[in-house]
Amino acid sequence: MFLPYEGREYAHIFISSTFRDMQKERDEMYRQLVPMLSKEAFENGDTIAIRDLRWGVNTSDEKSEEEANQKVLSVCLDEIDECRPYMIILLGYRYGFCPGKELIARAVKERNALAGTEARADRFALKDENISITEMEIRYGAFWKRSGSASPRILVYIRDIDSGEGLEIPKVFLQENEEYWARQQKLI
């Protein structure tokens with residue numbers, strides 16, 4: 001079932017989603033899914049640990065917003081690496097925060113330098129670096145497979161709200177603009 005990798009005691013699982021609109025789903029995941037996965041792992045002699053960044057990354061030492069965002073990207077990618085090959089993705093109707101093309105490009109370059117893959121065919125690359133942190137997490141954790149590493153083991157949950165019964169969809173669940181809506185739809 002779950003196997004700890006690279007000498008770790010636990011099988012770590014990274015949780016990826018937008019934050020603002022997925023609080024309830026993350027809470028429910030901890031109430032329902034995590035106990036089920038923990039039980040199944042325990043029955044197979046394994047232990048899981050969940051990595052959830054929704055409570056944030058400490059950026060109080062950073063001098064600028066750009067440095068703070070760079071630290072968030074770096075910590076996020078570090079956490080995904082710690083959890084490979086396991087990931088849970090929660091998708092709704094929001095695309096997520098876009099820190100800017102330059103910061104994403106810098107994070108990708110830094111990640112390849114850390115992995116020693118800058119000049120290799122298996123380096124992490126993006127066709128479009130003007131993406132949200134959530135999309136970067138998904139592309140990095142779910143779609144990029146390092147040479148010699150285990151294939152990703154991913155659970156994906158997609159919110160589907162049927163507003164046909166007169167229910168109003170909360171604004172926090174909706175996208176701020178059409179461009180982000182189109183990008184988010186490509187993720188699904």
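The largest nonpolar core of this predicted model has 26 residues, and Phe-14, Leu-73, Ile-80 and Ile-104 touch the most other members. At least two residues of this core come from each of α2 (65-83), β3 (86-91), α3 (101-115) and α4 (133-143). Apart from it lies another core, of 13 residues, which includes Val-34, Ile-48, Ile-88 and Leu-90. In soluble globular proteins, nonpolar side chains tend to be buried together.

**Overall architecture**

- The protein chain contains 5 helices and 4 strands, and from the N terminus on these elements follow the order β-α-β-α-β-α-α-β-α.
- Of the 188 residues in the protein chain, 44% count as buried.
- The chain exposes about 10,900 Å², of which carbon and sulfur atoms supply 51%.
- Among contacts between residues at least 6 apart in sequence, 80% join residues at least 24 apart.

**Surroundings of Ile-104**

- Leaving aside residues up to four places away in sequence, Ile-104 touches Leu-73, Pro-99, Leu-126, Glu-129, Ile-131 and Met-136.

**Helix α1**

- Helix α1 spans residues 23-43, 21 residues in number, and its first and last C-alpha atoms are 29 Å apart, close to the expected 30 Å.
- A kink of about 40 degrees is centred on Met-29, and Met-29 is also one of the buried residues of α1.
- Just after α1, Gly-45 adopts a positive phi of about 80 degrees.

**The loop between α2 and β3**

- Pro-85 is located in the loop between α2 and β3.
- The peptide bond joining Arg-84 and Pro-85 is cis, with omega at about 10 degrees.

- The protein chain has 17 salt bridges in the count.
- One of them joins the side chains of Arg-111 and Asp-81, with an N to O distance of 2.9 Å.
- Because Arg-111 lies in helix α3 and Asp-81 in helix α2, this pair ties together parts that are 30 residues apart in sequence.
- Arg-111 is buried, at a relative accessible area of 2%, and Asp-81 is buried as well, at 16%.

**Salt bridges of Arg-183**

- Arg-183 forms a salt bridge with Asp-128, in which the closest N and O atoms are 3.0 Å apart.
- This pair links distant parts of the chain, with Arg-183 in helix α5 (residues 178-187) and Asp-128 in the loop between α3 and α4, 55 residues apart.
- Arg-183 counts as buried at 17% relative accessibility, whereas Asp-128 is partly exposed with a relative accessible area of 32%.
- Arg-183 also forms a salt bridge with Glu-179, where the closest N and O atoms are 3.3 Å apart.
- Arg-183 and Glu-179 are 4 residues apart in helix α5, so about one helical turn separates them.
- An α-helix has 3.6 residues a turn, so residues three or four places apart point the same way.
- Glu-179 counts as partly exposed, at 43% relative accessibility.

- Salt bridges with shared partners join Asp-78, Asp-81, Arg-84, Glu-110 and Arg-111 into one network.

Definitions and conventions
Residues are numbered from 1 along each chain as its sequence is written. This is a predicted model: local features need pLDDT of at least 70, side-chain atom pairs count only at pLDDT 80 or more; totals for chains, interfaces and linings use all residues. Side-chain values use heavy atoms; hydrogens and water are left out. Buried means under 20% relative accessible area, exposed over 50%, partly exposed in between (1.4 Å probe, protein chains only). Contact means heavy atoms within 4.5 Å. Accessible areas come from the Shrake-Rupley method with a 1.4 Å probe; for residues, only the protein chains shown count as cover. A nonpolar core is a set of buried Ala, Val, Leu, Ile, Met, Phe, Trp, Tyr and Cys residues joined through side-chain atoms within 4.5 Å. The expected span of a helix is 1.5 Å times one less than its number of residues. The bend at a residue is the angle between axes fitted to the seven residues ending there and the seven starting there. A salt bridge is a side-chain nitrogen of Lys or Arg within 4 Å of a carboxyl oxygen of Asp or Glu.
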